[in-house]
Amino acid sequence: MNKYELALVLNAKVEDDVRTATLEKVKGLVERFNGTITNVDEWGKKRLAYEIQKMKEGYYYFIQFDADAACPAELEKRVRIMDNVLRYLIVRPEV
């Protein structure tokens with residue numbers, strides 16, 4: 001099992017329940033591909049460095065999880081096509 005961190009920027013213009021449902025869907029995908037979530041940090045609404053899809057703000061989340069090497073690729077395939085996800089990045093932090 002390797003440690004990974006998923007940085008997620010969600011659309012700030014959607015309702016809170018839609019944003020929460022999107023976050024829960026991403027967490028469910030991590031668990032579906034044999035990952036174990038260890039920590040979820042919500043940074044809240046922040047100004048973006050540049051406009052993305054004519055939006056200047058987004059909600060930032062950082063999900064830390066343990067998984068095997070195949071999980072990030074599968075997770076990336078599904079997160080890439082989600083409507084409310086503006087940006088994402090999966091990294092393997094140095095220990």
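## Basis of the analysis

Residues are numbered from 1 along each chain as its sequence is written, and side-chain values use heavy atoms, without hydrogens and water. Because the model is predicted, local features need pLDDT of at least 70 and side-chain atom pairs count only at pLDDT 80 or more, while totals for chains, interfaces and linings use all residues.

Asn 11 belongs to strand E1, residues 2-11 (strands are DSSP runs of at least two E residues, helices of at least four H or I residues, numbered from the N terminus). Asn 11 is buried, at 11% relative accessibility (buried means under 20% relative accessible area, exposed over 50%, partly exposed in between, with a 1.4 Å probe and protein chains only).

Beyond neighbours within four places in sequence, Asn 11 is in contact (heavy atoms within 4.5 Å) with Arg 19, Met 55, Tyr 59, Asn 84 and Leu 86.

## Salt bridges

The whole structure holds 8 salt bridges, each defined by a side-chain nitrogen of Lys or Arg within 4 Å of a carboxyl oxygen of Asp or Glu. One of them pairs Arg 19 with Asp 16, with closest N and O atoms 2.2 Å apart. Both residues lie in helix H1 (residues 16-32), 3 residues apart; Arg 19 is buried at 5%, whereas Asp 16 is exposed at 52%.

Also in helix H1, Glu 24 and Lys 27 are separated by about one helical turn, and their salt bridge has a closest N and O distance of 3.2 Å. Lys 56 and Glu 51 form a salt bridge at 3.9 Å, N to O. Shared partners join Glu 74, Lys 77 and Arg 78 into one salt-bridge network.
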